[in-house]
Amino acid sequence: MLRVAVIGSGPSGVYTAQSLVQLDPEVRVDVLDRLPCPYGLVRYGVAPDHEKIKSLQNNLRTVLEHDRVRFLGGVEIGPGGLSAGRLRECYDAVVYCVGAATDRRLGIPGEDLPGSWSATQFVSWYSAHPDATEDGFVRGARSAVVIGVGNVAVDVTRILARGAAELSPTDIPQAALGALAESRVTDVHMVGRRGPSQARFTTKELRELGGLPDAEVLVEAEELGLDPDYVDPSGLTGTLRRNVETLRGWAERPARGAARRVHARFFLRPVALLADAEGAHVAAVRFERTLPDGRGGVTGTGQHEDIEAQLVLRSVGYRGVPLEGLPFDASSGTVPHLAGRVLREGAVAPGEYVAGWIKRGPTGVIGTNRPCAKETVTSLLLDAPALVGERPGEDPLGALRARGVAPVEWAGWQSIERAEAALGASLGRNVVKLPDWQSLMTAAHHSAG
Ligand code: NAP
């Protein structure tokens, strides 16, 4: 019987486990996660007000409750935890589905000024990620700049522009809800370095910005008009065309004087973050006006515009991080692979696989992980005859425990869920997430009693 470890319980890990049990009637799968909680970015990345996408957790749950699948949380693979080599001793095959854990850098002066954060830090805060320790995002801020025009930029812009009352029914942690209730941010500038027809957001997400009760989206027709595909969208199809049409609709309607404003800006390339007079905090972002170069890129014009910002969120994409003991391509931030099989110096490494963002880079929607996982699982199952039998036939959990690992099992996670429901009830809210390691681990260990 094949025993497989899947590292990471986000969508790519869970879809990998699902493909494995669907395609092999005997395989047993352990899904390991560093956190005591499953679901990866569905729990810790999807915005709290995207309840429909969040409900995908119910589908992922069904997989993790399958009788040949086991969730083992609180297990760190790598430095400080179990090494990849020792993990391999416990399983016939390991599939790394660890995502892209860090953010890309801008590489411009002032990037690390107080008040400048990666969007990932902000997302982790409002998602109650237990590693999120910062909380001063909106304190003292009136104007915010979000750099980038992807779906993460839209998410963080929307959370800043929503009223706390709208977020209260969600599972947003109590401290973040309180901070957003006190927020004095009235203007959020979401800024792209290229044109409206090249923005990465999807239309549904873009349109949602236009439907916020206490905010309005402002665009500048002249700026949009710098994009030839905005002026004549006949060459555009699908999402790009719908995005352009949505922006055009906003350009044509009069401002209604809402309490908060979202400024969707284009053809502005960030060149520096500027400090206040004391040099202690970010005060503005300096952009250079760009123009389309006719080949999908832009060129600088030498003209600059400063946009006031006491809060800057850099939302320019995620990036994979190297895993101890695995090869890594630093230019793409991914593990080199052949149809999901890890490649070491160009040769297939038997028994080691990747799926999800660490395999193909941080692109695509949640559903993109299904075919990606299936491709990897197909490779793994083709290799299976050569993989079984090298390892003693014991239950890998015993082997993990012998190596000092004490996982949080499914009952521990269910206990966390009960604690989050109880916390919500005590606050007069629905389920409210536990935001720190201590409360999560205390809740998890309650199941033992
Ligand atoms: P993304 O889609 O890759 O967008 C990154 C943005 O940053 C682009 O606008 C890019 O502009 C810009 N950028 C990159 N480097 C820059 C620089 N040096 N200066 C200025 N701008 C720069 O990344 P993401 O928003 O982090 O999203 C990651 C993935 O998660 C995407 O596939 C996204 O669709 C998905 N996601 C989906 C949802 C949803 O479905 N609701 C929510 C969140 C995330 P250029 O195009 O010019 O490079």
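Okay, a definition to start: a helix axis here is a line fitted to C-alpha atoms over the stretch in contact, and angles run from 0 to 180 degrees between N-to-C directions. Helices themselves are DSSP runs of H or I, at least four residues, numbered from the N terminus.

Before the tour, some housekeeping. What we have is a predicted model, where local features need pLDDT of at least 70, side-chain atom pairs count only at pLDDT 80 or more, and totals for chains, interfaces and linings use all residues. Residues are numbered from 1 along each chain as its sequence is written, and side-chain values use heavy atoms, with hydrogens and water left out.

So, first stop: α17, residues 410-426, packs against α18, residues 437-446, at about 115°, and the axes sit 7 Å apart. On the α17 side you've got G412, S415, I416, A419 and E420, and they meet L440, A443, A444 and H446 from α18; contact means heavy atoms within 4.5 Å. That set splits into five nonpolar, three polar and one charged residue, with Gly counted among the polar ones and Ala among the nonpolar.

Next, α6, residues 119-126. How many of its eight residues are buried? Seven of them, where buried means under 20% relative accessible area, exposed over 50% and partly exposed in between, using a 1.4 Å probe and protein chains only. The buried ones include F122, W125 and Y126. After α6 comes A128, which has a positive phi, near 65°.

Now over to L20, which sits in α1, residues 11-23. Buried or exposed? L20 is buried, because its relative accessible area is 0%. Beyond its neighbours within four places in sequence, L20 touches V4, V6, V27, V29, V377, L380 and L381. And have a look at K374: it's 354 residues away from L20 in sequence, yet the C-alpha atoms are 8.2 Å apart.

On to the ligand. There are 22 residues around it, and V149, R193, R194, R200 and G364 come nearest; being around it takes a heavy atom within 4 Å. For polar contacts, think pairs of N or O atoms within 3.5 Å. A side-chain N or O of R193 is 2.8 Å from a ligand oxygen, a polar side-chain atom of R200 is 3.0 Å from one, and V152 uses a polar backbone atom, also at 3.0 Å.

Last one: T368, in the loop between α14 and α15. T368 counts as partly exposed because its relative accessibility is 28%. Its side chain reaches the backbone oxygen of V365 at 2.9 Å.

Key: Helix = DSSP H or I, 4+ residues; strand = E, 2+ residues; numbered from the N terminus. Polar contact = N/O pair within 3.5 Å; in protein donor to acceptor, adjacent residues only side chain to side chain.
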